[in-house]
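Let's take a walk through a protein model together. Have the sequence and the 3D view ready, and follow along as we go.

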Amino acid sequence: MKKDILIVDDEDDIRTLIKAILEDEGYQVREASNSAQALSAVKDKVPDLTILDIWLQESDKDGLEVLEQIKQDNPLLPVLMISGHGTVETAVTAIKNGAYDFIEKPFKSDRLLLMITRALETADLRKENKSLKAQKNKSDHKLIGNSTAITQLKSQIEKIAPTNSRVFITGEGGTGKEVVAKTIHKLSGRKDNPFMVVNCAALHPERLEEELFGVYKDGETHKGVLELANGGTLFLDEVADMPLETQAKILRVLQDNKIHPVGTQDTINIDVRFLASTNKDLQNVIKSGGFREDLYYRLNVVTLNILPLRKRTDDILPLVENFLERFSQQTGQAKRTLEKKAIAKLQAYQWPGNVRQLKNMMEWITIMTPSPSQKAELSCDDLPPEFSSSKTPTPANQPRFDYTSQPLREARENFEKTYLRAQIKRFGGNVSQTAEFIGMERSALHRKLKALDISLEDAQDSTVKNITLINKA
């Protein structure tokens with residue numbers, strides 16, 4: 001694919017000359033004669049390289065100001081500065097502001113082409129390095145969060161990881177069960193050996209033995225998942241979906257620590273640590289005959305449960321920051337931030353898809369919201385469509401209360417009690433987050449709770465009731 005180069009210069013003849021030189025070399029060229037056209041062209045499509053004149057006549061911004069804005073939104077975009085009235089001081093300023101290099105007019109075409117080649121090669125290396133770092137961060141799974149639940153989970157993992165105990169990880173879909181499994185492996189003595197994942201729902205009984213145990217075919221043994229994981233860890237993801245035929249064979253492996261590749265009588269001893277996960281109530285699955293009870297007790301030596309995101313709202317802010325940082329690295333853009341009200345709105349949401357849903361949302365924000373130079377801090381209005389409405393739907397099973405049957409003072413007090421209990425429960429008893437969301441000072445909220453005789457424990461245990469005012473004619 002041809003490299004796309006944007007030429008920004010107020011002189012028509014200079015643009016025409018450079019364009020002719022570059023097109024002869026096979027480059028795709030676009031032109032801009034002022035700062036507004038330049039910024040618009042970059043916004044429409046980020047070029048592979050920009051050639052930018054320092055002195056732009058009849059423009060809102062000069063070349064150095066355009067450079068600063070371009071680099072703010074696209075730090076990996078190489079920019080070559082050109083000028084017929086350049087000074088050493090100007091060149092130094094341009095380089096400090098992120099320009100790749102500086103060239104004075106008039107210039108030789110060979111020198112310009114050499115600088116362009118080097119700038120593009122350097123940019124490609126930087127992008128590749130950024131991509132590799134992003135991939136490392138993506139694979140470098142770690143538990144993010146400051147909640148009591150996550151802190152306790154981390155502590156349990158630190159105790160369990162160094163052992164060879166089998167671990168059963170439970171939790172709703174999207175809570176991070178595989179992250180927990182990888183963390184256990186990473187903190188164990190097996191960390192330098194393979195970590196293999198088996199999607200239990202995708203196992204085919206007719207090909208199971210070949211997939212798990214390997215197969216001897218055409219004079220060659222093809223290793224199965226169990227042998228590939230030898231010395232390391234095997235994670236049975238969503239084990240409740242494993243076919244019954246598969247369960248019997250896995251149970252045998254757990255008992256004997258041996259496998260027999262299909263097509264041979266050879267026995268291979270294996271040393272594999274088994275971790276398993278499920279988002280289902282496995283006791284009910286066992287009762288219905290869908291899972292072997294003996295296999296369950298073989299796998300379930302230690303149980304770790306991950307709470308859903310709606311029950312650990314303290315983790316939302318660090319997760320948001322982590323995901324936004326990760327996506328900014330992947331896209332090469334400056335990192336975005338969310339204002340406090342937007343964070344409070346996220347903390348009040350129920351998150352049926354848990355951490356996976358939050359991650360997808362942060363990727364949506366990175367792609368769909370204004371660039372960091374246009375809006376450094378994003379508000380509630382920049383959240384995805386499902387957050388655009390501040391109204392909370394009323395479940396059919398929630399009771400309605402008629403406040404019009406009470407005197408004003410009593411109705412107002414009952415309303416405030418019900419409302420504050422509901423908000424405190426939303427935020428898991430966190431007074432600071434509750435105060436931020438409802439628009440009160442923290443100290444004022446404490447006084448109000450005391451005046452209404454509301455304890456944090458009672459508020460968290462109380463049923464959240466919908467408050468509806470019934471108008472009478």
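## A tryptophan at the surface

Why does tryptophan 364 count as partly exposed? Because its relative accessibility is 31%, and the labels work like this: buried means under 20% relative accessible area, exposed over 50%, and partly exposed in between, using a 1.4 Å probe and protein chains only.

This is a predicted model, where local features need pLDDT of at least 70 and side-chain atom pairs count only at pLDDT 80 or more, while totals for chains, interfaces and linings use all residues. Residues are numbered from 1 along each chain as its sequence is written, and side-chain values use heavy atoms, leaving out hydrogens and water.

You'll find tryptophan 364 in helix α15, residues 354–368. (Helices are DSSP runs of H or I with at least four residues, strands are runs of E with at least two, and both are numbered from the N terminus.)

Now look at helix α4, residues 88–96, whose buried residues are Thr90, Ala91 and Ala94. Seen down the axis of α4, they fall within an arc of 100°, so they line one face of the helix. (The arc is that of the directions from the helix axis to the C-beta atoms.)

Turned away from that buried side is a face with the exposed residues Val88, Glu89 and Lys96. After α4 comes glycine 98, which has a positive phi, near 115°.

Threonine 170 sits in strand β6, residues 167–170, and is buried, with a relative accessible area of 18%. Its side chain makes a polar contact of 2.8 Å with the side chain of asparagine 305. (A polar contact is a pair of N or O atoms within 3.5 Å; within protein, one must be able to donate a hydrogen and the other to accept it, and residues adjacent in sequence count only if both atoms are side-chain atoms.)

## Charged pairs

Side chains of opposite charge can pair when their charged atoms come close. How many salt bridges does the structure hold? There are 18, each with a side-chain nitrogen of Lys or Arg within 4 Å of a carboxyl oxygen of Asp or Glu.

In one of them, arginine 30 pairs with aspartate 4, with the closest N and O atoms 2.7 Å apart. Arginine 30 is in strand β2 (28–32) and aspartate 4 in strand β1 (4–8), so the pair ties together parts that are 26 residues apart in sequence. Aspartate 4 is buried, at 2% relative accessible area.
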